[in-house]
Amino acid sequence: MTAQEKSGLVTFIGRPNVGKSTLLNALVGQKVSITSRRPQTTRHRIMGVSTKEHVQIVYVDTPGLHPGKGRVINRFMNRAASGALHGVDCIVMLVEAGGWQEADERVLELLRNQAIPVVLTVNKIDLLKRRDDLLPFIEVLRQKFEFSEIVPVSAVKRTNLDELEAVLSQQLPEQPPLFPKDQLTDRSERFMAAELVREQIFRSLGQEIPYAVAVEIEKFKTEKKILHIDALVWVEKNGQKAIVIGKGGERMKQIGSAARQEMESFFGKKVNLGLWVKVREGWSDNERSLRSFGYAGDD
């Protein structure tokens with residue numbers, strides 16, 4: 001180990017839809033966490049690995065924290081987010097520029113008893129109508145908590161990301177890399193395939209349907225340089241199944257085509273994707289069903 005070698009874990013935390021997954025992808029340089037305009041797209045704790053010169057930062061993306069006990073899956077996502085605060089070297093709390101909410105206050109309450117440095121990242125500065133509003137907003141936030149640093153960024157425009165990386169690097173211990181230098185995530189290829197299908201469902205469907213959907217990979221096999229993937233899309237009601245499939249199967253074709261293109265980009269090879277829709281009533285409020293869909297690993 002050289003004197004310059006540093007590595008460590010940095011957890012992102014924040015209310016839903018502040019841009020945690022978009023920021024993770026921007027910092028890693030490749031999609032490792034799915035995104036959509038809808039809150040709570042992220043359901044699992046996902047690591048994204050960024051290795052540059054002598055510094056490796058392992059970012060931990062988490063589901064957005066939300067109030068109330070809700071269904072079993074909601075409690076699971078809250079546990080996944082709050083559990084990711086332990087055993088890390090730094091915490092990044094994300095907020096939206098000019099948009100402090102009561103939900104942000106609840107996230108901050110989780111951090112008050114942490115002995116870990118907290119860097120506040122003010123995201124979406126590109127959406128501010130008046131740039132002059134940014135500094136007063138930051139000053140208000142500075143009074144709320146003893147943040148190690150406050151860094152304004154735009155994950156979408158990649159504004160100030162180098163500055164954020166430099167700030168986070170200062171918080172890391174001197175130690176060898178935690179992951180191989182060419183590794184981008186801790187998640188398996190099968191997991192990523194399921195997530196890429198779910199991403200397109202979130203982007204294609206109405207208000208409630210995506211939250212009733214789970215994706216399970218049945219086949220994942222490369223034959224003659226083509227990756228063959230079969231995926232089951234689980235919903236909770238027959239009416240939801242009809243909506244996902246669409247008239248004449250048109251919506252499912254659109255979802256499948258978009259997901260296949262994302263997969264080919266991610267896996268770097270041609271993909272043959274098969275999708276089927278099935279019903280399992282109440283899966284999102286059933287611990288056994290959640291475990292069968294791979295949620296237990298984040299408890």
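Q: In what order do the six strands of the open sheet stand?
A: The model is a predicted one, in which local features need pLDDT of at least 70 and side-chain atom pairs count only at pLDDT 80 or more, while totals for chains, interfaces and linings use all residues. Residues are numbered from 1 along each chain as its sequence is written, and side-chain values use heavy atoms, with hydrogens and water left out. Strands (E, at least two residues) and helices (H or I, at least four) are DSSP runs numbered from the N terminus, and two strands pair if DSSP finds at least two bridges between them. The pairing in this open sheet is mixed, and its six strands follow the order 2-3-1-4-5-6.

Q: Which strands stand at the edges of the sheet, and why is one side of each left without a neighbour?
A: The twist from one strand to the next averages 25 degrees. Each edge strand has a single partner, so one side of it lacks a neighbour in the sheet, and the two strands in this position are strand 2 (46-52) and strand 6 (149-152).

Q: Which residue of strand 3 does Gly8 stand opposite?
A: Strand 1 (residues 6-13) pairs with strand 3 (residues 55-61) in the parallel sense, over six bridges. Gly8 stands opposite Ile57.

Q: At what angle does helix 4 run to strand 5?
A: Angles here run from 0 to 180 degrees between N-to-C directions, with axes fitted as lines to C-alpha atoms, for helices over the stretch in contact (heavy atoms within 4.5 Å). Helix 3 (residues 102-111) lies across strand 1, strand 4 (90-96) and strand 5 (118-123), and runs at about 170 degrees to strand 4. Helix 4 (residues 134-142) lies across strand 4, strand 5 and strand 6, and its angle to strand 5 is about 150 degrees.

Q: How many residues of helix 1 are buried?
A: Buried means under 20% relative accessible area, exposed over 50%, and partly exposed in between (1.4 Å probe, protein chains only). The buried residues of helix 1 (20-28), among them Leu23, Leu24 and Leu27, pack against strands 1, 2, 3, 4 and 5 and against helix 5. Helix 1 is followed by Gly29, whose phi is positive, near 90 degrees. Of the nine residues of this mostly covered helix, the number buried is eight.

Q: Is Ser154 buried or exposed?
A: Ser154 has its place in the loop between strand 6 and helix 5 (161-169). Leaving aside residues up to four places away in sequence, Ser154 touches Asn123, Lys124, Ile125, Asp126, Thr159 and Leu161. With a relative accessible area of 1%, Ser154 is buried.

Q: Which residues make the contact between helix 7 and helix 8?
A: Helix 7 (residues 238-245) and helix 8 (residues 250-267) pack at an angle of about 65 degrees, with axes 5 Å apart. The contact is made by Ile243, Val244 and Ile245 of helix 7, together with Glu250, Arg251, Met252 and Ile255 of helix 8.

Q: Which residues line the largest cavity?
A: A cavity is a set of points on a 1 Å grid over the protein atoms alone where a 1.4 Å probe fits but cannot get out, and lining residues have an atom within 4 Å of a point. Grid points are joined across faces, edges and corners, and a volume is the space filled by probe spheres set on the points; the largest cavity has about 40 Å³. Its lining consists of Gln40, Arg43, Arg71, Ile73, Asn74, Met77 and Tyr211.

Note on methods:
1 Å grid on protein atoms, 1.4 Å probe; cavity = no way out; pocket = protein on both sides within 12 Å on 5 of 7 lines; lining within 4 Å.
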